[in-house]
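Here is a friendly walk through a protein model, in questions and answers. Keep the viewer open and follow along.

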Amino acid sequence: MAKMLNNLVAAGVLTALAAPVVHAADYSDGIHKNDYKWLQFNLMRSADNKLPFRNERDTYLEMEFGGRSGLFDLYGYLDVFDIFDSEGDDLHGGDNFFFKFAPRLSLDALTKTDLSFGPVQELYIASVTNVADNGAFGGLFEHYVGLGSDVQVPWFGKMGLNAYGRYVRENYGAPDEGSWDGYMVSTNWFKPFHTFGNGSFIAYQGYLDYKFGADTIGGVAGRTSNALEWFNGIYWHSDRYAVGYGAKLYNNMAFFKDGSDATGVTQDTSGLGHYFSVTYKF
């Protein structure tokens, strides 16, 4: 499976780079010309999830947000687990939240220079910060910093394509804490492909995060140096609501080796997970 996933990642990057030449981002009327913002709440149900330590089922609330303001492009979300305090949820009495914050700083807008080339429309200094509960074994606090871009891809239109280095501030006491350990290539997309007469539409949306080269954590028994998450969602959208299903392909989720029992639990961190959501948009 690992070889197949590596090939998929490589094929995705090559597809993006082979896209036709496009026009640069337009700042002719000032850097705030393309500003926008959005906020929504998603009620999510996961099944067959591949979180480490066999956390497969949970109903959780997600506050998701994003937008653009001048120099900055932003995406993020906060997940609050076991929102109904249900004993049937695997995270019941355990972790409470996960937070992702992913701002990007436009180099085109900052330098007032057209940096576009080929299919690349705009360049960014890109970052991601992930934060999770601070429990008995510590918490998660990791940063990804690198170069980001918007690329134009046939049929999909604009996609984000970013490459980062990984710095680990906290990782539940793992030996990679306080060090640079590994890299990540990520992409994301949102493609409406069928519009109804009332203006609502069906979209294919998702993301792919491939982490590799994390040799420090990969040297720990039961861990790996690479991991993959690939989310593929089909959602119906109106101005105020959305309903959708997502299939998520995992490989060694969070650098935990699938099938290993070195942690005291036989890990199930590779395979297909399922997500169902109902959304209210503000």
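Q: Which loop is the place of Asn252?
A: This is a predicted model, and its strand S11 covers 241-251 while strand S12 covers 271-281. Asn252 is placed in the loop between strand S11 and strand S12.

Q: Is Asn252 buried or exposed?
A: A residue counts as buried under 20% relative accessible area. Asn252 has 11% relative accessibility, so Asn252 is buried.

Q: What is phi of Asn252 near?
A: Asn252 is a residue other than glycine, yet its phi is positive. The value is near 55 degrees.

Q: Where does Thr224 lie?
A: Helix H3 spans 215-218 and strand S10 spans 227-237. Thr224 lies in the loop between helix H3 and strand S10.

Q: What is the relative accessible area of Thr224?
A: Leaving aside neighbours within four places in sequence, Thr224 is in contact with several residues, including Ala214, Ile217, Asn252 and Phe255. Thr224 is buried, and its relative accessible area is 9%.

Q: Which residue has the backbone oxygen that the side chain of Thr224 reaches?
A: The side chain of Thr224 comes to 2.7 Å from this backbone oxygen. The oxygen belongs to Asn226.

Q: How many Å apart in space are Thr224 and Asn49, C-alpha to C-alpha?
A: In sequence, Thr224 and Asn49 are 175 residues apart. In space, C-alpha to C-alpha, the value is 19 Å.

Q: Which side chain makes a polar contact with the side chain of Arg166?
A: Arg166 has its place in strand S7, residues 157-171. Leaving aside its neighbours within four places in sequence, its contacts include Glu142, Asp176, Asp181 and Phe255. The polar contact, at 3.5 Å, is with the side chain of Tyr144.

Q: Is Arg166 buried or exposed?
A: The cut-off for buried is under 20% relative accessible area. Arg166 has a relative accessible area of 2%, so Arg166 is buried.

Q: In which strand does Ser149 lie?
A: Ser149 counts as buried, at 7% relative accessibility. Apart from neighbours within four places in sequence, its contacts include Arg104, Val120, Met159 and Leu161. Ser149 lies within residues 138-153, which form strand S6.

Q: How many Å apart in space are Ser149 and Phe72?
A: These residues are 77 residues apart in sequence. C-alpha to C-alpha, Ser149 and Phe72 are apart in space by 13 Å.

Q: What is the relative accessibility of Gly76?
A: Gly76 is found in strand S3, residues 72-80. Not counting residues up to four places away in sequence, Gly76 touches Met63, Glu64, Phe65, Lys100 and Phe101. Gly76 counts as buried, with a relative accessibility of 0%.

Q: Among contacts between residues at least 6 apart in sequence, what percentage join residues at least 24 apart?
A: Contact here means heavy atoms within 4.5 Å. Among the contacts in question, the part that joins residues at least 24 apart is 57%.

Q: How many Å apart are the mean positions of the positive and negative charges?
A: The protein has 21 positive and 33 negative charges. Their mean positions are apart by 5 Å.

Definitions and conventions: Residues numbered from 1 in each chain as written. Predicted model: local features only at pLDDT ≥ 70, side-chain atom pairs only at ≥ 80, totals over all residues. Heavy atoms only, no water. Lys, Arg positive; Asp, Glu negative; His and termini not counted. Charge placed at Lys NZ, Arg CZ, Asp CG, Glu CD. Helix = DSSP H or I, 4+ residues; strand = E, 2+ residues; numbered from the N terminus. Buried < 20%, exposed > 50% of the residue type's maximum accessible area, 1.4 Å probe, protein only. Polar contact = N/O pair within 3.5 Å; in protein donor to acceptor, adjacent residues only side chain to side chain.
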